[in-house]
Each structure stands twice: as structure tokens, then as C-alpha cells.
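Dear colleague,

I am handing over a structure that I have been reading, and I would be glad if you looked through it with my notes beside you.

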Amino acid sequence: MDTRNPSSSASSSHQWNYHVFLSFRGEDTRKSFTDHLFATLKQKGVFAFRDDKKLEKGKPISPELSKAIEESLFAIVILSKNYASSTWCLDELVKIMECREKMGRIVLPIFYDVDPSVVRKQTGTYAQAFDEHEIRFQENIEKVHMWRVALEDVANLSGWSLKDRPESEFIQDIVKMISQKLSYAFPRDTKGLVGVDSQLKELMSLLAIGSNDVRIIGILGMGGIGKTTLAKAIYWKVFSEFEGGCFITNIREVSENFGLLPLQQKLICDILMEENVNIRDVDDGVHMIKNRLCHKRVLLVLDDVNQFKQLENLAGKPNWFGQGSRVIITTRDEHLLIRHKVYDIYEAPELDDDDALRLFSLKAFNKDHPVKNYLEMSKHFVNYAKGLPLAIDVLGSFLYNRRKEEWESVLDRLKKFPEKDIMKILQISFDGLQENEKGIFLYIAYFFNMKDKDYVVKGSH
């Protein structure tokens, strides 16, 4: 497939109005393959442009058609036996390849009952078509040369070849690929992800997407610090650079309740875009991951890992994946990452005071800053959460649209007894600690509640 990044095309200064532009030879495929493909794309929510007009022979493509090509994120070129006999199709193709070059549009060729070499070298029916074109356009031979170059260029792109496959199965594969590419083509809104942009820059540096080595990166931090949010942001940002990807959430919880087998199944199905895979047991899953993904450039996120066996059976070694692959592991346990010999570890930071206040304001007021007469109380709540994004989120959301008297009452209660959701957040972090670490956590928790240091030391003995 065209390996360029669809997200860069989608976010360019040019406006798009269609997901896909279909270029096809009407007499070959209009009432068969193209019609079925168009209907399936529409069914899956993919907005495709298809020119249904019967065209006069020799007429140049209309300004409307040229505009539709420019305003489509993808172009699917259905290269059939008689595609080259249509000057209209050839003009379309020149425009499509021009948009690929100048605007970063994605071009996906389909070789429909024609071999790519026939298109590339213009032999067979393509040779016959160009014999006629060279006679007809002998006074404008440069135009014929442009058509030849466009055909050669599109044939050199990786695409789909029908061969002897059933059309329905073939179309499903195409639509699945388009749907997946579209899922990651448009940048996610990170407005509410306060403090994430600077963290993304550091992670991007560690990932070094252009490098062909296989890198396993760890994101380390306590529960509620924002590891999963950060991993999702980086996943959406770079997914389109890979041949396949998978984001497995809540590994701790899933493996405890259901074991590793469903996690292995999700990994393989998501990356290979298969509905289901038959894995007999965990060892069989390891074998399948190694053998089916070792030549594929993948992006894999393993979220909330808490046991080494999870890493052993999901991403045991870098050579399980193809060159240029990236694996991101989020965990609270630094020793797991060290034992797994990850390439590097990124420690998720707490929010600084400014970002913490901004996040709180977004949740409590739906604004970047606290409203008048609430600034000091907002600072108290932010100080209570101590830079923990999840705690700030819960506090702000709880206080949204409440009266000032209620804020004062909640703040007074928090000094004595944490709100249930805050306690649950802290409990998540507490449960993941070793015994000696739990003592330290309690020590810190007392400080959160403004207890005297001597009281804390005395209470811990």
C-alpha cells in the first residue's frame, strides 16, 4: 500500500470533502466490481466519490471532477483491462498522481484482472491503447508521455490484485483496510489532555519512528498519573506510520480474570485485521505471534502490565516483530521493565501547578482558568490532588456546576475524609505497591492531609 502518512494529508491546508475517490473504466467495472465496492464503502460509513456520468469520448475531465480528486483523502484506482483506452481515465490518473506528489494524497491501486507488469510496461491491451493514442495525439505527444509515466508510477505502488479470489472477499479486505486507515487519518483533539504535548515530544524522541530497529519503550508511573492517556495519545499520533497496530488495555485486570489467551488473540487479530484466530493455548499463541508478525512493522501498546509472564507471552523479544516496530509498555513496576531489557524508560511526571490548575478548571468550569471568586478554593483542591491527573479530574468533575457553599463544604470534608472516588483512585495505586512501599505511600498520604511530620513518623511505628 501507499506508505505515506494519511494523518499528514488530512491535516494539510487543503480541505477534503470525500474519504475516497474512485477512478475506474466504466465499461469494465461500473455495474459490477466498482458498484459493489462503492456500496460496501457506503455501508461502512466511507464517503466515496464516483462519477456516474456517461462521458463523451475525447473530452477532458471537468473542473468538478478535478476538484473532487483534490478534495478526496484517498484515491482508489481500479486498473482493468481497458482502463488505458480511456483518455478520461488517464487524465484522472495524471491528476491523482499530481495530488499524491503535491498534496500528500494516498493512492491505492487495484489490479482488476490485469497484471501489474502489464500496467507498468504498457503491454497487452495497454500497448494496443497507446498505439491508438500516439496516432490520435501525434501533435500533443507530451500528453501521451504523461499518461505513460502516471501508469508506470501507479503500478509501482503496492496495491491489491484480484487474481482468482472471490470478489466479495476481495472487496471486504479493501474496505477493512480503508476503514482502518481512516480511523487514524485525522489527528485527535488533545485540548483536554493537559500537559500531554510536552510529554509527547519526549516520547517521540525515544521512539525515533524513522529508525529501522525494534524498540521497546516503558512508560512508568503510579496509578492515576496518566500513563494510559499518554500511551493512547502517542498511539493515535503515530499509528499510521505502521503496517498494523494493537492497543491492549487493562492487561492486569484481563489476565487476572481470563488469562493471557484472549490478550494474545486480540493482539494477532487487531494487527492482522482478522475476525478470529484459533489459538490452542498460550504457547501456541507465542508461536503464532513470533511467526506471523516477525516481518510486519507494527505498533503495539501493552497497558497496565504487572507480571513478567504477560511480557514474556505478548512481546517476549524484539525479533518477534518486523523491522521498525515499536512496543510501548505502561506499568507501575520499574523492575519489570528492567528485567525485560526495554530500550528506554519514560517516567510519567505529575502535573506542574499551572497545568494542574488548568485541568481542574476545564473539569470544574469548562474553561482554562477558574471563574471569579473561585481561584483560591480551586488552588486548594489542586494542592490536595498533588499533581495526580486522575484525582484532579475526579475532583473537578464532582464540583462542576455546584454552588460556592457546596465547594466550601467539600473542601472542609476533604481535609478530614477524602471523597470516595479520590479514595478509590489512591487505593488503586496503594494496592499495586510492595509492603515497604505502602508505608511510604501512607507517609505521603498523611502529608496530603497536612498532618505533622512527627505525627506521621510516630503513627508508622
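**What was found**

The axes of α17 (residues 353-364) and α19 lie 7 Å apart, and the two helices pack at an angle of about 35 degrees; axes here are lines fitted to C-alpha atoms, for helices over the stretch in contact, and angles run from 0 to 180 degrees between N-to-C directions. On the α17 side the contact (heavy atoms within 4.5 Å) is made by Ala356, Leu359, Phe360, Lys363 and Ala364, and on the α19 side the residues include Pro389, Ile392, Leu395 and Leu399.

Before going on, please keep in mind that this is a predicted model, in which local features need pLDDT of at least 70 and side-chain atom pairs count only at pLDDT 80 or more, while totals for chains, interfaces and linings use all residues. Residues are numbered from 1 along each chain as its sequence is written, and side-chain values use heavy atoms, with hydrogens and water left out.

The protein chain has 23 helices and 10 strands, which are DSSP runs numbered from the N terminus (H or I with at least four residues for helices, E with at least two for strands). Of its 461 residues, 48% count as buried, meaning under 20% relative accessible area, where exposed means over 50% and partly exposed lies in between (1.4 Å probe, protein chains only).

Which residues of α19 are buried? In this helix (residues 389-399) they are Pro389, Ala391, Ile392, Leu395, Gly396 and Leu399. They are on the same side of α19 because they cover an arc of only 160 degrees around the axis, the arc being that of the directions from the helix axis to the C-beta atoms. As background, an α-helix has 3.6 residues a turn, so residues three or four places apart point the same way.

Just after α19, Asn401 takes a positive phi of about 65 degrees. For comparison, most residues other than glycine have a negative phi. Asn250, also not a glycine, has a positive phi of about 50 degrees; Asn250 is found in the loop between β7 (244-248) and α12 (251-258) and counts as partly exposed at 38% relative accessibility. Asp304 has a positive phi near 65 degrees, but its place is in strand β8 (residues 298-305), and with a relative accessible area of 14% Asp304 is buried.

Elsewhere, five strands form an open sheet in the order β2-β1-β3-β4-β5, with parallel pairing; two strands pair if DSSP finds at least two bridges between them. At the edges stand β2 (48-49) and β5 (160-161), each with a single partner strand, so one side of each has no neighbour in the sheet. Helix α4 (residues 63-70) packs on the sheet and touches β1 (18-23), β2 and β3 (72-79), with its direction at about 125 degrees to that of β1. Strand β4 (residues 106-111) pairs with β5 over two bridges in the parallel sense, and Ile110 has Trp160 in β5 as its bridge partner. Helix α8 (residues 141-155) lies across β3 and β4 and runs at about 85 degrees to β4.
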